[in-house]
Amino acid sequence: MRICLLTGGGYPFRRDALGGWCRTLVDGLGRYTFDLLTVTDREPPGGPAYPLPRHVASARAVPLSREIRRRAVSDDNATAAAVLLCRGLLSEAEPKAADDLFAKGLLGLSVLTESADHPLNSVPLTDVLLDAWRAGRTSASEDRLPRLTLRDARTAATLLRHAARALSVPVPAVDLVHCVGGTTPLLAALAGRWRTGMPLLLTEARAPVARPRAGEERLSPAVRTVLRRFRRSVARTGYAEAGLIAPLSAYHHSWALGHGAEPSRLVPVPAGVDPVDFPSAPEARTQPAIVWAGNGGPDSGLHGLLEAFAIVATAVPGTVLHLVGVTAAHEDHCAEQVERTGLGRAIRLHPLPADPRDRYATGHLVVHVPGPADPPYRLIEAMMSGRAVIGIDVGPVAETLGDAGTLVAENDPAALADACISLLRAPARRRALGDAARRRALACFTADRVVRVYGALYTDLAGPPPAPSYELALAVPAPREARPATVRWLAEAGEDR
């Protein structure tokens, strides 16, 4: 059986939490052949960041070009599809009707990508958006659909054109497409499914949310509304098309149910890590140390963490904060934020270590600050490492951590600092929490469980049909008497003779 594992800009070319999960899945399912495909906005990577096993047939990264070449002559078919997509996107009608309009438009564009790489380039998308916006506002309140100016429509059209380029990504002919990630890989997976009929398995690794992504806070409210609705509509279309949906947590499960997913298609599969990769190690005999794992970007929760650490550094002198996993793209932003605290000597920046055992071993406790829909990979890694964890109560953190750690409310640096200070001053309680975290991770979040479940899901969706079975049924109900009526009749007839 051949599987296409489709991601958004990560595995196997970039080391991150999602990449580690994908690697565990691929390495553990050696009985399948994998084609690895990732769609990225960045420059194509030089080569895989992970060693690839022999059952990986191909590994390819497809960059989405930002170059836009408008065509002089519009395409009527592409324009008709864009009208359906935008009407569904901005409609205030019943959700099912709006979803159907959007899906028909997206399907039309997907079919057109077989003959034109970027069909939206031949569409007067600004005018189409404005028309759909006016139609939507006739039944909507002002706060739901803010005013869309001509400039806003042009900006939104540019962003939608770029997003729609994922529809032209060629997906290899396989028995099953397993899409892991957000809007971009899902667009490519949907187009591949519509063009070839391949079954689709969708892993909810990062659910779409209402808040804007990094950098989008500079956009107008109207443009942010268009983008938010576009991502939500793509997700709802994915739920309708996927044969099975595997949310990583109850939080993601609830989000999918609330956005149109059929309960019968949902199979929750919690994230897991390999205990061998994250062994429990004794605390280092060094100065008190806190570990935070994140990319260091504007939406990584770094600002609140640094506010809390300023309080901790005063209360527990000598404490060191290790920022692990800071990417090259966000290194300057991270360094600037650290410099503003005036605590540069107490804060260390590290790229993501190639050896997972080095990620949390330097810390006496781990602070987990996720985004509202981030998957709990980093949290589970820290738990498996046997470190006491302080988690911000966002998304699936509470359900993942359970009673094996400390929860702190979101956007409360003072409470986060108090929790850190309390655990740094209580080594026995800190170690007890670390042991409890590892026990919970071993019981609920191991990689072998993930591999077993996904192997079963692959077989259910793409395996050969079951052998036909036959059931014999009597045409006449069984008699209630000991002797069948036919036998009785024959006997009686013989006696008459």
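Me: A salt bridge here is a side-chain nitrogen of Lys or Arg within 4 Å of a carboxyl oxygen of Asp or Glu. How many does a search of the whole structure find?

Reply: The search turns up 14 salt bridges. Keep in mind that this is a predicted model, where local features need pLDDT of at least 70, side-chain atom pairs count only at pLDDT 80 or more, and totals for chains, interfaces and linings use all residues. Side-chain values use heavy atoms, with hydrogens and water left out, and residues are numbered from 1 along each chain as its sequence is written.

Me: OK. Which residue does Glu262 form a salt bridge with?

Reply: With Arg265; the closest N and O atoms are 3.6 Å apart.

Me: What about Asp131, what does its side chain meet?

Reply: Arg134, in a salt bridge with an N to O distance of 2.9 Å. Both residues lie in helix α4 (residues 125-137), three residues apart, which is about one turn of the helix. Helices (H or I, at least four residues) and strands (E, at least two) are DSSP runs, numbered from the N terminus. Asp131 is partly exposed, at 40%. Another salt bridge joins Arg357 and Asp355, at 2.9 Å, N to O, and Asp355 is partly exposed, at 25%.

Me: Switching to voids. How many cavities of 30 Å³ or more?

Reply: Four, over the whole structure. On a 1 Å grid over the protein atoms alone, a cavity is a set of points where a 1.4 Å probe fits but cannot get out; a pocket is an open set with protein on both sides within 12 Å along at least five of seven lines; and lining residues have an atom within 4 Å of a point. Grid points are joined across faces, edges and corners, and the volume is the space filled by probe spheres set on the points.

Me: Which residues line the largest cavity?

Reply: Ala82, Leu85, Cys86, Leu109, Leu120, Leu125, Leu160, Ala164 and Phe230. Two elements give two or more residues to that lining, α2 (76-90) and α5 (150-164), and α2 has the largest share, with three residues.

Me: How does that lining split by class?

Reply: Nine nonpolar, no polar and no charged residues. Nonpolar means Ala, Val, Leu, Ile, Met, Phe, Trp, Tyr, Cys and Pro, charged means Asp, Glu, Lys and Arg, and the others, Gly among them, count as polar.

Me: And the second largest pocket, what volume?

Reply: About 370 Å³. It is lined by 21 residues, and Gly301, Gly304, Val369, Glu410 and Asn411 lie nearest its centre. The elements giving two or more residues to this lining are α9 (302-315) and α13 (413-424); α9 gives the most, four residues. By class the lining of the second largest pocket has 10 nonpolar, six polar and five charged residues.

Me: Where does Asn411 lie?

Reply: In the loop between β12 (406-408) and α13. Asn411 is exposed, at 72% relative accessible area. Its phi is near 60 degrees, a positive value in a residue other than glycine.

Me: While on backbone, which residues does a cis peptide bond join?

Reply: Tyr11 and Pro12, with omega about 0 degrees. Pro12 is in the loop between β1 (2-7) and α1 (17-28).

Me: How many disulfides?

Reply: Zero, where a disulfide is a pair of cysteine sulfur atoms within 2.5 Å.

Me: Last one, aromatics. How many pairs?

Reply: Nine. Rings of Phe, Tyr and Trp (its six-membered ring) pair if their centres lie within 6.5 Å, with planes under 30 degrees apart called stacked, over 60 edge-to-face and the rest tilted. One cluster is made of Trp21, Tyr32, Phe34, Tyr377, Tyr454 and Tyr458.

How values were computed:
Buried < 20%, exposed > 50% of the residue type's maximum accessible area, 1.4 Å probe, protein only.
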